[in-house]
Amino acid sequence: MSKVEVKQKATSKWVCGGVNEHQRRTAGHFWQRPITNVAVLALLLACLPLALTSGFHYHLAVLVGINATIAISLNLLMGYAGQVSLGHAGFVALGAYGTAILSSRYGWPVPLALVSSAAGAALIAFVVGRPILRLKGYYLALGTLGLGMIIYLVISNEVWLTGGPDGMPVPVLELFGGRLTGPADWYWLIAVMLLLVFWLSTNLIHAPLGRALRALEGPEAVAGSVGIDVPRSKLLVFTLSAAIAALMGGFLALYAGFISPSLADFLHSIELALMVLVGGLGSVVGSIIGAALITLLPQVLTVVEEYETLVYGLILIGVMMFMPRGLLSSIIDLWRRIKR
Amino acid sequence: MSALEVISLSKEFGGVHAIEDLSFNISPGSVHSIIGPNGAGKTTLLNLITGIYQPTQGEVRLFGDSMAGMPVHARVMAGLGRTFQTPQVCMHMTALENVMLGRHIHLDGRFLPTALRLPRILSGEREARHRAAELMEYVGLADYLNDEPGSMPYGALKRLEVARALACEPKLLLLDEPAAGLGASEKADLTGLIEKLSGAGLTIVLVEHDMKLVMSISQHILVINYGQKLAEGQPTEVRRNPDVVAAYLGSAV
Amino acid sequence: MSEFFQYLITGLTIGSMYGLIGLGIVLVYNASHVVNFAQGDLMMVGGMSAVALLSAGLPLPVALVGGVLVGGLSGLLMFKFTIEPARGAGPLGLVIITLGVGMVLRGAAELAWGQRFYSLPTFSDNETIRIGGVTLVPQSLWVMGIAAVVVILLAYFFSRSLTGKAIVATSLDRDAAILMGINTSRMQLFSFGLAGLLGAVAGVLIAPIAFTYAAAGLMLGLKGFVAAVLGGLGSFRGALVGGLTLGVAESMMAGYGSSDYKDAIAYLLIVVILIFMPRGIFGGMSGERV
């Protein structure tokens, strides 16, 4: 045993060299620090209502906020941990239907139904996650797609519980004794949620845990060779991502007052992936921008609604072909080139 | 106590014995080499030691502890560090971040403290950055701290891997063909680095093709062929062993 | 007992369709390692084009051939304008691009034909054949017969013809194929064209039995995937057997279980197979790549 101890002393000997002064500075400029980003976002969210002049504007802002939060959760999984999901809408729908069913059919208080549904979705993700996350690349895409479709089919077919394809109504959310009815009330609630998830995500990324997750995107062998428990890390981010998506799904249901199985369908999953890809894999700020663009696009396109599928398809192709790192990175690259 | 004990280890792939009833001991300290002709089973042996494969029979012990059934990451926590034949680095991280990755097992990676960004997370990050920078300097990469691995020369990537492995604070370091693909001067630098590490008391196991390098820095050599032990001993003994000469017929031993 | 055979026939018919779509997916995957999410939409393009040509006054056989050719052309264009320029996009990027192509085809079909349901006349007499207690529509025989012929032709093509062998070589080792003087890019173009043809054949075969409509490709394309994955994603025989298995399983589920969950079978199968048998049911057994 004594020999080992000697060796550990030796170990600390060779890691204690002189400190490089240059290194001390690279802890990050203040604008790169997580807390700065959070503060800037908080400020923007607080000021945004100045630009929102109608109830419809608030309505759009709420939708963007919900989608942005979901997109951030999906980006944690796809962008940071490098695990594709083509079934994320399934978790959104689980949260939405869970909240609706528990509160309206079983009389649970709405906030309890909301939190329980998110926890339930997280539990499901935790249970199915381990086997599914063993898959890689295309197979993972297909596996998550299958998972999403199964959720969709259950929701569509269990009419007695979910109302089937006709959908079901959702009760009004009461918080702190007041009823949240108008989009303006909802704006502040969703803004707080977005800020919380944004804060949590940036904290995660700028920490050992986040670095370990990012390592999953690199060569398979690396993570294991530095002692990262790969299956556990994947499962953690999958569960977290599902929990956030389900929670926001619950809020979406409560806000909309009515839900239908299309929440869980394949195209909704694609739409969510599109938000992440347009914003850029691995960019939390990008996800907010991507969610805003994809949410607002149909509003611009309403005049020509029949073009929606075509335009979405073209955007998908265009983004992947011409700006595979997302809109934000592409614009930053362009800006740098112009400055030079 | 042995640093590494391999006890009647066997690995079969569909009836083919890649490793067959192999046993050897590696004592703590100094540089040990595992050599053998192509297809001798070196890679399989390495995968068995690091836990990428589970053996069909037998077991691996690290500093007296059985590694049976232990996954890759758990062996790192037990003190096993490694590098790869072709450098495996995360291209989307800076060189420094790649080395910081090596600090993983010494940092708090739990979810709640991270989510709340407790002070211990911040101080852990500072410490990791500090150590990683020191290690990069130690292996001679002080100029590459914030470079992207994609723009670094091949030899530098190999040293980056060594720095990352050292960041884990291993008790035993496995180097998988560290000299492969390096030029003469880079090889000399590498030899210097290995000797420096060995001099600091680290146990080093080298799996290498370059005979000159192996003969010059190893204190102990294990030769395997067809998944079995062919010879074992000091470089001078191994060099004279007729079986070894036969197995390497044509190559300069 | 006659009930069972009735379900079996129905299952084999629809399974042949899944198999044909799966074949197209495997073909593209082998030649270019792209998983083509637009294969179902290529099928839809074939069926819809045949309908359009027929209503333009062309005789049925001409319309059918025309529909198939439009499908093949779509495959070629898809490769030329999206896949080839985006070679460096990585697996996820390529999946997303093929999803995008599928949406573009679907969107274009919606613009051209709206969201209505169309149908083709059956290829021959529509009189049902009765064997024992089992009734059989002649179109079922067409579907299974043509699927069988296609598979035999494909097998012959890949084992005998120079182009076929070149595609096999490309799929096994792209770099080696380049060194052997094979124009791998041409081979990939060719495989996309062939996949388009195969998809369109499926499209015109199914149109007389089920309806064809702009969004028809989405569900059938996913089923084709399940077929391909069941077969180990890489084996033609596997894709066909996978398709038949899926078709029969769905038909049995609809007959003896709940028809609501007919579609769930495919997704349950895919999740279970991927997790427990990552090489597919048949992929591991046959051991063949192409």
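What pattern does chain C follow when read along the sequence? In this predicted model, the order of elements in chain C is α-α-α-α-β-β-α-α-α-α-α-α-α-α.

## Chain C

Chain C contains 12 helices and 2 strands. For its 290 residues the globule rule gives 19 Å, and the radius of gyration of chain C is 18 Å, close to that value, so chain C is as compact as a globular protein of that length. Taken along the principal axes, the C-alpha atoms of chain C fill a box of roughly 60 × 50 × 35 Å.

Of the 290 residues in chain C, 55% are buried. Among the contacts in chain C with a separation of 6 or more, 75% are accounted for by residues 24 or more positions apart.

## Chain B

Chain B is built with 10 helices and 10 strands. A compact globule of 253 residues would have a radius of gyration near 18 Å, and the 19 Å found for chain B agrees with this. The C-alpha trace of chain B spans about 60 × 40 × 35 Å along its principal axes.

Buried residues account for 57% of the 253 residues of chain B.

## Arrangement of the chains

There are 2 pairs of chains in contact, and chains A and B share the most contacts. Chain B and chain C, by contrast, are joined by no contact. The closest C-alpha atoms of chain B and chain C lie 13 Å apart.

## The interface between chains A and B

Chain A contributes 42 residues to the contact and chain B contributes 53 residues. About 4,300 Å² is buried between the two chains, and carbon and sulfur atoms give 66% of that area.

Between chain A and chain B there are 2 salt bridges. One of them pairs Arg211(A) with Glu125(B), with the closest N and O atoms 2.9 Å apart. The count of residue pairs in polar contact between chain A and chain B, both residues being at pLDDT 80 or more, is 7. On the side of chain A that touches chain B, the elements giving two or more residues are helix H1 (2-15), helix H2 (21-25), helix H9 (183-205), helix H10 (208-215), helix H11 (220-225) and helix H12 (230-256) of chain A. H1(A) gives the most, with 7 residues. By residue class, this side of chain A divides into 23 nonpolar, 13 polar and 6 charged.

## Ser85 of chain A

Ser85(A) is located in the loop between helix H4 (55-80) and helix H5 (88-105) of chain A. Is this residue buried or exposed? Ser85(A) counts as buried because its relative accessibility is 2%, and the cut-off for that class is under 20%.

The side chain of Ser85(A) places a polar atom 3.3 Å from the backbone nitrogen of Gly87(A). A polar atom of the Ser85(A) side chain also lies 3.4 Å from the backbone nitrogen of His88(A). Leaving aside neighbours within four places in sequence, Ser85(A) is in contact with Leu74(A), Leu77(A), Met78(A) and Thr144(A).

Definitions and conventions
Residues are numbered from 1 along each chain as its sequence is written. Chains are lettered from A and ligands numbered from 1 in the order in which they are written. This is a predicted model: local features need pLDDT of at least 70, side-chain atom pairs count only at pLDDT 80 or more; totals for chains, interfaces and linings use all residues. Side-chain values use heavy atoms; hydrogens and water are left out. Contact means heavy atoms within 4.5 Å. Buried area is the accessible area (1.4 Å probe) that two parts lose on being put together, summed over both. A salt bridge is a side-chain nitrogen of Lys or Arg within 4 Å of a carboxyl oxygen of Asp or Glu. A polar contact is a pair of N or O atoms within 3.5 Å; within protein, one must be able to donate a hydrogen and the other to accept it, and residues adjacent in sequence count only if both atoms are side-chain atoms. Helices (H or I, at least four residues) and strands (E, at least two) are DSSP runs, numbered from the N terminus. Ala, Val, Leu, Ile, Met, Phe, Trp, Tyr, Cys and Pro count as nonpolar, Asp, Glu, Lys and Arg as charged, and the others, Gly among them, as polar. The radius of gyration is taken over C-alpha atoms; the globule rule is 2.2 Å times the number of residues to the power 0.38. Buried means under 20% relative accessible area, exposed over 50%, partly exposed in between (1.4 Å probe, protein chains only).
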